[in-house]
Amino acid sequence: MNPRLDQPLRLGTRRSKLAMSQSGHVADAVRAITGRPVELVEITTYGDVSRENLAQIGGTGVFVTALRDALLRGEVDFAVHSLKDLPTAQPGELVIAAMPRREDPRDALVARDGLTFEQLPDGARIGTGSPRRTAQLNHYAQALGKRIETVAIRGNVDTRIGFVHDGELDAVVLAAAGLNRIGRSAEVTDYLSVDNVLPAPGQGALAVECLASDAELVAALGELDDPFTRAAVTAERSLLAALEAGCSAPVGALADLLADGQIVNEMRLRGVVGTLDGSTLVQLSTTGPVPQSYDEAMALGRELADEMLAKGAAGLMGERSL
């Protein structure tokens, strides 16, 4: 008998309710694949303890570095991240062994009195910690002929929704995937169409990461990989990298698969960059064959980024330090 079968696999995870839920689902799947016990190892990241605005502490990587350090020190065997938290540059010693099938990538509104975005009153106060959401929500409101006030917020899902229940805010915007994963989707009053608000690159997807040198574990985790999810989020993250923006910049992207009947034959990639006040957006899309390799997915993202830069996206990126 393989002596490793009795040894628990240690899964590194953030301590938040959402992270624990996400990691728990992955742990169940890995137990089924490997026949080995999986134990969750809770790790506190800088992003969890800092009360600063995410955009000001760097955005990308603040929830990830401590998990990656634990992997490199051998304190955990693999880790689960929300893909949108990962920097676009991948450390050579680590590999994303699996990107499981993506959850709903949309943003969701939780508003008082069951209101949709279009029903919010003029001057409504909407909570979000995301410059990407701020830019697009302001633009969406202006298209509807009204004004909103976006309020920078931090905190877990309970804290954010609490601002609405307490009457401090008229609404908050959260990722639909996170609400689904913790069983809070019944509180959503409006799902924001991706035609109006594009999500963060990789939103709704998870990344399962381990040491590149552990070939046996890489192979086992690879059984959780969804190739369509991987192609889509690789294209989105390539766009983000080519625009030289971390997640603190107002960049949205979504690659979706276009099917002819039951046959998926094309991928559409949409990207948006905007000023925080929503007055100017550069929004473009491209459609092509579903990428069959990492290089093809990367090329799709770079091509759209080049078109966006040619249309003036670079001039809007000066707000990324706000």
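Visitor: How do you know that the length of helix α1 (residues 17–34) agrees with its number of residues?

Guide: In this predicted model, the end C-alpha atoms of α1 lie 25 Å apart.

Visitor: Which residues of α1 are called buried, and what covers them?

Guide: The name applies under 20% relative accessible area, and in α1 it is given to Ala19, Ser21, Gln22, Ser23, Val26, Ala27, Val30 and Thr34. Their cover includes the strands β1 (9–13), β2 (38–42), β3 (78–82) and β10 (206–211), together with the helices α6 (176–181) and α7 (215–221). After α1 comes Gly35, with a positive phi near 75°.

Visitor: Why is α8 called oblique to α9?

Guide: Helix α8 (residues 227–242) packs against helix α9 (residues 294–310) at an angle of about 40°, the axes being 7 Å apart. Since roughly parallel requires an angle under 35 degrees, roughly perpendicular 65 to 115 and roughly antiparallel over 145, the rest being oblique, α8 is therefore oblique to α9. The crossing of α8 past α9 is right-handed.

Visitor: What makes up the contact of α8 with α9, counted as nonpolar, polar and charged residues?

Guide: The count is 12 nonpolar, three polar and one charged. From α8 the contact takes Ala231, Thr234, Ala235, Ser238, Leu239 and Ala242, while α9 contributes Tyr294, Ala297, Met298, Leu300, Gly301, Arg302, Leu304, Ala305, Met308 and Leu309.

Visitor: Why is Asp113 called exposed?

Guide: The label needs a relative accessible area over 50%; Asp113 has 66%, and so it counts as exposed. Asp113 sits in the loop between β5 (107–111) and β6 (124–127).

Visitor: How many of the contacts in the chain, between residues at least 6 apart in sequence, join residues at least 24 apart?

Guide: The share is 72%, in a chain of 322 residues of which 52% count as buried, and whose secondary structure comprises 10 helices and 13 strands.

Terms used:
Residues numbered from 1 in each chain as written. Predicted model: local features only at pLDDT ≥ 70, side-chain atom pairs only at ≥ 80, totals over all residues. Heavy atoms only, no water. Axes fitted to C-alpha atoms, helices over the stretch in contact; angles between N-to-C directions. Helix = DSSP H or I, 4+ residues; strand = E, 2+ residues; numbered from the N terminus. Left-handed = near helix turned anticlockwise from the far one by under 90°. Contact = heavy atoms within 4.5 Å. Nonpolar A, V, L, I, M, F, W, Y, C, P; charged D, E, K, R; others polar. Expected span 1.5 Å × (residues − 1). Buried < 20%, exposed > 50% of the residue type's maximum accessible area, 1.4 Å probe, protein only.
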